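Try each task before you read its solution.

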Amino acid sequence: MIVSQSVTVRVPAKINLQLAVGPLRPDGYHHLVTVFHAISLYDEVTVAVADGEGDDSVTVTGEGAAEVPADRDNLALRAVRALRDAIAGREAAPAVRVAIAKKIPVAGGMAGGSADAAAAIVACDALWGTGLSPAELSEVAAQVGSDVAFALLGGTAVGRGRGEQLTPALVAPASYHWVLAFASGHLSTPLVYKTLDTQREGRMVQSPELSHELMGALRAGDPLRLGRALSNDLQAPALALFPALRKTLAAGREAGALGALVSGSGPTCLFLARDAEHATELAVQLSGAGVCRTVARAAGPVPGATVVSAEG
Ligand code: C5P
C-alpha cells in the first residue's frame with residue numbers, strides 16, 4: 001500500500017570506539033568485534049515515488065557528491081532493490097527517485113554510503129508501507145553492507161560477525177563531544193583490510209574480543225576512561241597507506257584530546273573532547289595546525305535513521 005509520495009530520512013555517521021579485526025573468513029570478510037557509535041553528523045535522503053514507469057534513479061549533492069556513483073551501484077539504490085526483493089509480490093513497490101544530501105565524507109571511514117543505504121530502506125519502508133518488522137529490515141540492511149544495519153539502529157552497539165550482528169550496548173546516559181578531522185583524500189576499505197592482512201602475514205591472528213576497559217568506561221559514562229580505551233586494528237594499515245594522518249593524530253593529542261583515533265578504515269581522524277567548550281578549542285587548534293582539509297564537531301550517541309518528514 002503506497003502511504004506517501006515522498007519521505008525524508010535523516011541518518012547519522014558512525015565511528016568505531018573499538019574495531020578489533022580477527023582472521024579472514026572464507027567469504028573474504030574478516031571476523032570483527034566492534035563498538036559502533038552514531039554521531040550527530042547527518043546525511044539526508046529523500047525518496048519520492050517516480051512519475052510513470054521507469055527505473056529507480058539517484059542524485060547526490062553536498063560533501064564529496066561528485067565521487068558517489070549515481071547509477072545502479074549506488075548503495076542507496078542497492079538497498080531499494082534489496083527491500084523490493086524482500087517484499088516481492090506482497091506489496092506494490094513502484095520505482096523511486098532518491099535524492100541524497102551529503103555531509104558525511106565519502107570513503108572517509110564513517111560509513112557514509114551505508115548510512116545512505118539505511119536511510120533509503122527506512123524511507124522506502126515508509127513510502128511503500130511494507131509492514132516488515134525491525135528485525136526483517138535489519139536483515140535486508142545486512143545484505144547491502146556490513147555497516148548498514150547499525151545505521152538503522154544508531155546509539156552505541158556491539159557488532160559481531162562481519163559487523164552486522166548487533167547488540168545495543170549497556171551505557172550510562174552520557175553524551176560525548178567529538179571532533180572530526182576530514183582528510184584530503186580517501187582510503188579504500190578493502191585495501192585497508194588487505195594491508196592489515198599483509199602486515200600480519202606469518203603471525204597467528206587471535207579471535208577478536210570485546211574490550212572490558214571500553215565497556216566499563218561506557219557504563220560509567222566517563223570520557224577520560226573512554227578516551228584511553230579507544231582502539232582500532234585498522235589504524236596501523238591506514239597509517240601505512242596514508243602516513244600524513246600521524247601528524248593529524250599528534251596535533252589532536254597535543255591539543256589535549258582525551259583520545260585520538262583513525263575512524264574505521266580512515267582517513268577521517270576522531271578526537272574525544274572533555275566537553276563542548278573543549279571540542280570547540282580542539283576544532284580551532286586542529287584547523288590552525290593545517291593537518292586536515294576541514295574539521296567538524298559532533299555529539300554522540302544519537303538515534304539511527306529517522307523519518308523527518310513525509311508528504312502526500
Ligand atoms: O560490507 P561492506 O561493503 O561495507 O565492506 C566493504 C569491504 O570491507 C569488504 O568488501 C571487505 O573487503 C572489507 N570488510 C572485511 N571484513 C568486514 C567488513 C568489511 O574484510 N567484516
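**Exercise 1: A proline in a loop**

Pro 208 sits in the loop between α5 (189-199) and α6 (212-220). Helices (H or I, at least four residues) and strands (E, at least two) are DSSP runs, numbered from the N terminus. A word on the source: this is a predicted model, in which local features need pLDDT of at least 70 and side-chain atom pairs count only at pLDDT 80 or more, while totals for chains, interfaces and linings use all residues. Residues are numbered from 1 along each chain as its sequence is written, and side-chain values use heavy atoms, with hydrogens and water left out.

Task: Decide whether Pro 208 is buried or exposed, and find which residues Pro 208 touches, not counting residues up to four places away in sequence.

Solution, step by step:

1. Start with accessibility. Buried means under 20% relative accessible area, exposed over 50%, and partly exposed in between (1.4 Å probe, protein chains only). Pro 208 has 17% relative accessibility, so this residue counts as buried.
2. Next, list the contacts (heavy atoms within 4.5 Å). Leaving out residues up to four places away in sequence, Pro 208 touches Ala 20, Val 21, Gly 22, Pro 23, His 31, Leu 32 and Val 33.
3. Finally, compare sequence and space. Pro 208 and Gly 22 are 186 residues apart in sequence, and their C-alpha atoms are 5.1 Å apart in space.

**Exercise 2: The two faces of a strand**

Task: Work out which side chains of strand β4 (residues 96-102) point to the buried face, and how many bridges join β2 to β4.

Solution, step by step:

1. Follow the side chains, which alternate along β4.
2. Look at the pairing with β2 (two strands pair if DSSP finds at least two bridges between them). Strand β2 (residues 30-49) runs antiparallel to β4 and is joined to β4 by 6 bridges. Val 49 has Val 96 as its bridge partner in β4.
3. Turn to strand β3 (residues 57-62), which pairs with β4 in the parallel sense over 6 bridges. Here Gly 62 has Lys 102 as its bridge partner in β4.

**Exercise 3: Sheet and helices**

Task: Find what the strand order is in the open sheet of 4 strands, and what angle α9 and α10 make where they pack.

Solution, step by step:

1. Write down the order: the open sheet of 4 strands runs β9-β10-β7-β11, with antiparallel pairing. β9 and β11 stand at the edges with a single partner strand each, so one side of each has no neighbour in the sheet.
2. Take the pair β9 and β10, which run antiparallel and are joined by 4 bridges. In β10, Leu 270 is the bridge partner of Leu 261. α10 packs on the sheet, touching β7 (176-182), β10 and β11, and its direction makes about 160° with that of β11.
3. Now the helix pair. Helix α9 (residues 245-254) and helix α10 (residues 276-289) pack at an angle of about 140°, with axes 9 Å apart. That makes α9 oblique to α10. (Angles under 35 degrees count as roughly parallel, over 145 as roughly antiparallel, 65 to 115 as roughly perpendicular and the rest as oblique; axes are lines fitted to C-alpha atoms, for helices over the stretch in contact, and angles run from 0 to 180 degrees between N-to-C directions.)
4. End with the contact itself: Thr 248, Ala 251 and Gly 252 in α9 meet Leu 282, Leu 286 and Ala 289 in α10.
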